Structures are given as C-alpha cells and as structure tokens.
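These are my notebook entries from one sitting with a single chain.

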Amino acid sequence: MARLVGFVGNRPDLGARVLELEARHLVVHKQPDRIPGWGVGFYQGGEILLKRRPIDDRPQINVAEMTHGLRADTLIAHVRLGTVGGSRTENTHPFRYRQWLFAHTGTIEAFSTLRGRLSDSLPQFLQRDVRGETDSELLFHLFLSFLHDAGVLERQDVPPEAARSALRSSIALVDGLSAEEGKGPSRMNLLVAAPDYVIAMHGGGRMVRRVFQGASDLERILGDGGLGRMRLPDFASCRLSILASDFDDDRTPPGWTAVQDRAIVTLTRTDEPLVEPI
C-alpha cells in the first residue's frame, strides 16, 4: 500500500514531533515483488525543499523517519509503490512547480489510452515541464493548466477556493475521458500544497484527518514540562493539522476522523478543516 501524508501548522518546530507521535499509523510495509520509493516536499523559511529517494528496499518505511528533524510550516510526504512509470527520481513524488507541491496515489483509469489526450490538453509550456512517465505528474500539470486558464498561475497568493476549483475541473475532465473509454471514476487520492494550505481530494483508499490543539494535545507533543514553558499566547494559538491516506488495514486510527468518499479537504494554519463534496 502506498501512503500520503499532509501537514500544515503554525509551529514549524512541532510538525516532525507530531509525525513521530503518530508514527505507528504511518508505517508502510514492503510488498512482495514491489520496491517502494519515497519523497518529502516542505516549506521552510520561505523556501521549498524536496527530499526524494526513488528506491528504498527496507522491509518497512516510516514517514516519521522520512521527516525526522525537519522544521516546516507545510509538508507533503509520499511513499510510492509505482503502477505507472519506473523507479526514477523524475517519477518520485512530490512533484513541484513554482510554489506548488503535488502527490497522488491510485491510477487514472485507462491512462495508457488517455495519456496523449491529457497531454495535448496542456499549454505547451506545461507540456514541456513534464519530466517523468507517471499519470500523477500529468494530473498535476492538468491542475496547473486550470489555474492558468483562471489567470492565477503566476500569482504567489492563490486563494484556496481557486485551487479547489482547478482541482475539481481536473477530476471532472479525467473522469469524463475515462467514461468515454467505458471506465468509472478513477480511485485515487491526492494532495496539493501551497505555502499557506494543503488541499486533499479523497477518492481512493481510506483518508483520515486530525487537528492537534489544546492542553491535552500539546502536553502529548511537548512532553513532561514542555507545556509549562509555553507563553499563554503561543498556547492559545497553536494549531497543527495532519491528513493521511491509504492505510494497510483500511482502518481509522484512534483519535482521527475519517474523510467521506469523494470529498475535498482544505487544511490551513488557523482554521478548522473545511470538508466539501467534490
């Protein structure tokens, strides 16, 4: 099973600690005859950084180990058991374009047939930017093309509603083309991130979310005595939101909330998660 994890918070020093606390739920076990790879994309001090390892032959991969020691406001992590494209860096998630990060699990229905049509629908400058072979990267550039059509691709501060609209248009186009080939909606999950938010689309394996805030959560994150050293304004405003999908046992971990199928979830630093139907 692959794995997606998204994180956004207003305490970049605590993000990796949250993932360590939930590590047991974020382990991916190697499957016979399939060698996984992984990648992490994150925003740190105004910069966008990527760590990608296209091949990792260990018996299990833990997202907490992938992100250990990172300080990040916003983060996307992905463990890949590829179905389209070889084990190369160019095929390893997350993908980046300017301030955007993108990762995806599942496979576009009838992709081998639809690849050319999807590629031809992109503006030439986005066609040239596709470096790998995956349906995921092409889906990402389809999302970017709808931002371009809306006139916001060049903006640094694209509002979440514009990103959600582009995501809906991308899914509608893919599902429409798949239907023409006699296929149903593609079973897949995806994450797209900008510096200030993470947006998830749930249409595949189980997806869950959790918000860490308040005294009990912060005591668990900070450990013995840590909460007492926080200033009251820091304590009151601290919020860390996490989302994960594609679990080996398809169960919702304790303390997490399941996301309904065919939904879009928006996570920000300050607000409750916004959950809407696709």
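Before counting anything, I noted that a contact means heavy atoms within 4.5 Å. With that rule I looked at contacts in the chain with a separation of 6 or more, and found that 73% of them are accounted for by residues 24 or more positions apart.

I reminded myself that this is a predicted model, in which local features need pLDDT of at least 70 and side-chain atom pairs count only at pLDDT 80 or more, while totals for chains, interfaces and linings use all residues. Residues are numbered from 1 along each chain as its sequence is written, and side-chain values use heavy atoms, with hydrogens and water left out.

**Entry: overall build**

I looked up the secondary structure, where helices (H or I, at least four residues) and strands (E, at least two) are DSSP runs numbered from the N terminus, and I found eight helices and 15 strands in the chain. The radius of gyration is 18 Å, close to the 19 Å of the globule rule for 278 residues, so the chain is as compact as a globular protein of that length. For this I took the radius over C-alpha atoms, and the rule as 2.2 Å times the number of residues to the power 0.38. Taken along the principal axes, the box filled by the C-alpha atoms is roughly 60 × 45 × 30 Å.

**Entry: burial and surface**

I call a residue buried under 20% relative accessible area, exposed over 50% and partly exposed in between, using a 1.4 Å probe and protein chains only. By this rule 52% of the 278 residues count as buried. The accessible surface, from the Shrake-Rupley method with a 1.4 Å probe, comes to about 11,900 Å², and 48% of this belongs to carbon and sulfur atoms.

**Entry: aromatic rings**

How many aromatic pairs does a search of the whole structure find? It finds three, where rings of Phe, Tyr and Trp (its six-membered ring) pair if their centres lie within 6.5 Å, and planes under 30 degrees apart count as stacked, over 60 as edge-to-face and the rest as tilted. Tryptophan 100 and tyrosine 197 are edge-to-face, at 6.4 Å centre to centre with 65 degrees between the planes. This pair links distant parts of the chain, since tryptophan 100 is in strand β8 (residues 100-106) and tyrosine 197 is in strand β10 (residues 197-202), 97 residues apart. I noted that both tryptophan 100 and tyrosine 197 are buried.

Phenylalanine 102 and phenylalanine 140 are stacked, at 5.1 Å centre to centre and 20 degrees between the planes. They too link distant parts of the chain, with phenylalanine 102 in strand β8 and phenylalanine 140 in helix α5 (residues 135-149), 38 residues apart. Phenylalanine 102 is buried at 0% relative accessible area, and phenylalanine 140 is also buried at 0%. I also noted a cluster in which ring pairs link Trp100, Phe143 and Tyr197.

**Entry: backbone details**

Which form does the peptide bond from histidine 93 to proline 94 take, cis or trans? It is cis, with omega near -10 degrees, and proline 94 lies in the loop between β6 (74-80) and β7 (95-97).

Arginine 98, in the loop between β7 and β8, has a positive phi of about 50 degrees although it is not a glycine, and with a relative accessible area of 36% it is partly exposed. Aspartate 246, in the loop between β12 (240-245) and β13 (257-258), likewise has a positive phi, near 65 degrees, but at 6% relative accessibility aspartate 246 counts as buried.
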